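Hello,

Please find the structure below. My notes on it follow.

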Amino acid sequence: MDIVLLTTIAASLFVLIGLAEPLAARLALPYSVILAVLGILIGAAAIFFLRTSLTNALDPVAEAILALPIRSNVFLYVFLPTLIFQATLEMNVRRMLDDWVPILTLAVVAVVVATLTIGYSLAWFSGLPLVVCLLIGSIVSTTDPSAVVGIFRSISAPRRLARIIEGESLLNDAAAIALFGLFMGFVTLGGADPALGEAIGGFPMLFVGGTLAGFLTARIAVVLMMWFARFELAQISVSVAVPYLSFVMAERLFDASGVIGVVVAGLTMSIIGPVRLSPAFWTNLREVWALLAHWAGALIFILAALLIPRLLEDTHAGDFALILVVIAAATVARAIILFGLMPLLSAVRVSPQVSGLYRSAILWGGLRGAVTLALALAVTENLRVPVETKRLVGIVATGFTLFTLLVQGTTLRWVIGKLGLDKLSPLDVALSNQVIAVSLQTVREEVAETAEDYELTRETVRSEAKRFAQRLDEAVAHAEAEDNTEILDRDRITLGLIALAGYEREVILERFRERAISARLSETMLFDADRMIEAARTGGRTGYQRAARRSLRYGKDFRLAAFLRNRLHIATPLARMTADRFEMLLAKRLILRDLYKFIDRRIRRIHGRRVAELLHELLNRRVEAVETAIEGLRLQYPGYAEKLERRFIRRTALRLEEREYSAMHDDGLIGSELHTALMQDISRRRAESEGRPHLDLALPKKELVRQFPLFADLSESEMRKLGRALSTRYVNAGKVILRKDSTAHSVFFVSSGAVQQETAGQTVRLGRGDMFGQLAVLTGKPRRAEVTAITPTSLLELNETSFRRILKRSHALREAVRQSLAGNPRRAELLELPELKLEEKKTTAAE
């Protein structure tokens, strides 16, 4: 093919891609539908001009279009990895983990159900071999929900719902392609129909191999990108290689799913990339990949659509019946998942509740696209597939794709409108009226200040002010209408909490951009903020408070780290998590203080004084909880908080210094060479300050022993002996430390945290510096109390022998034991114990 003609066609395709987006917006149709229609028109026009006798002038162009190297391998190895990798980079993996059940249900279970339903339905109606029918089912079972996601976003559908659909779009391609590979192998071998267990049995191994390939490729790539930290273009070049290498490695080396390899590589990069790479580079990287994915997605759609006229050339009348069977079976299979399995999962609380209206929209929004056409093309290109099978697969898959694009795609927005999902609720309408009124009042004040600053003519200002006043009066009238006054305080509080959590999210992002907090820390805090938004939306004040408490809770990972430290003496994970928590609490305290101004400046004006006061109260509780958590860590690890605060101040100073230099450069006060030198110096100092102080969990034991008033009168030698005798024990919240009726062998001292002691129906809480378990040790009887940690607690444990020895030498410890007997019915009996009468013996001897 002539290179000039090929270049011209390629450039023209990019022009069409540029025109398709504004055309889709103008016609209110999904972007993919417009691309598919353009591709079909181009392909049909090329066939028409090549075969018509009207003119031969366009034959070279038509031949060139029909001769384009459009092969299934081009789609699967060139375009598809780019699309999947970019999608994973944009994902919030932590939020996806919250919804892994519905995502896997829609992505994997739904694909398997659709494949089996379509396959067996076709086999029953058509008499075709079952393996061919299952192959067709795997080809058409993958959905492209980008259209419904785009529309859901435009109508402000719940974020969680959009996230579930995005997760489905990421994983269902992998599941469908994996099944396609299995059934394609049976078809090309020409054997008997496979048993269901035999066909599905190899499915998990495709995931295992792909996971390993993707993880290894991404880890190696991140290490290389860290080595090239000063060379941004080199880092981006390495990232471009990642999806292709993971795809090829999974397919060729591990004989697994290449799509799974790309998915895992992208997820691995999205988790560790923001932590290991600079924030500015990560932002640029995502922008580059967004552009690459836009081009790849558009090209794969338009090029695949070019093939549709050719794939449908040899269509028979009976083929339309098969297409109708596939349409019906696919709809039934998707309905089984959406209206059967998903409500069941919601009932057992492993999946979010999705309303029937949204499920209906998802059902109708299951569009098929380029991946379906690419898989069908792979069948038609395979020389080992029988000719009739090629024809049927090409026609059925293409016909079904056309139905979803041209029927479902063009009517999806209309269906959503009929379902009422594009309308604001009465509460949102009332709220929008108040927001408009408040905003216009603020705008009027700022416009008046601007006009005064620029000394505009009075006549101009007066005429414009009159026009603006009319609009403001209308907005105020709408806001004060009777319908708006009926908004319940409960609803106002919910809306205020959603706004508050949303603003908290913006503050976190701003702090991250300013490098005041690390990428890993910002990811965790954004994760918590998203949870609070959704919890407030679904559960109001109670949901918000529950999510806020959850953000401060010690999770399963902490319990696992504590187990590793206590049982296996591996302290590194617990030290890292504790340091992360320390840093997170300090940053959260600063961010929460910024929210008070937002309540007074914005929420009070929209929702009123009562709502603002209640939000202040809720915020006060959050601040108190954070302060308590920080104080607990301060007591547990003295001096570490100060080191983190010093690090924060240094990073803030560097940020302000960088801002000043940039402002001077923009104003022309310093030249580019000097500005570059100053920025390099700041980068060097920032790299030095990025390192977090080391937290040694074993370090504080000697210091903690010295801080106990119980041991204040011990000599230095006795203090050293005590330090050697004491062992440190970390206990998570809710853990039972001592059980009732257990044998006593040790005494415990609370070095940080708090425990709850229950004896004979009475509950006593003990904190830092308190001891427990001493009476059972002294009496030698089973314990009468059960002790449970109510916060993550560090304990110093002393065995019975050492405790009796120290008790004989420490007057302060004896006094503490005596005082602990207050209110005990056996107090007189216990005071007769030899260790506690030691003071009286000494007094008698002195006399």
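How many of the five residues of strand β7 (residues 785-789) are buried? Four are, and the strand is mostly covered. Buried means under 20% relative accessible area, exposed means over 50%, and partly exposed lies in between (1.4 Å probe, protein chains only). Strands (E, at least two residues) and helices (H or I, at least four) are DSSP runs, numbered from the N terminus.

This is a predicted model: local features need pLDDT of at least 70, side-chain atom pairs count only at pLDDT 80 or more, and totals for chains, interfaces and linings use all residues. Residues are numbered from 1 along each chain as its sequence is written, and side-chain values use heavy atoms, with hydrogens and water left out.

Strand β7 pairs with β4 (residues 755-759), antiparallel, through five bridges; V755 faces A789 of β7 there. Strand β2 (residues 736-738) is also antiparallel to β7, with two bridges, and V736 lies opposite T788. Two strands pair if DSSP finds at least two bridges between them.

An open antiparallel sheet of four strands has the order β1-β8-β3-β6. Its edges are β1 (727-731) and β6 (771-772); each has a single partner strand, so one side of each lacks a neighbour in the sheet. Between β3 (residues 746-752) and β8 (residues 793-799) there are six bridges, in the antiparallel sense, and S746 has N799 as its bridge partner in β8.

Elsewhere, E452 belongs to helix α20 (residues 426-453). E452 counts as exposed because its relative accessibility is 64%.

Regards
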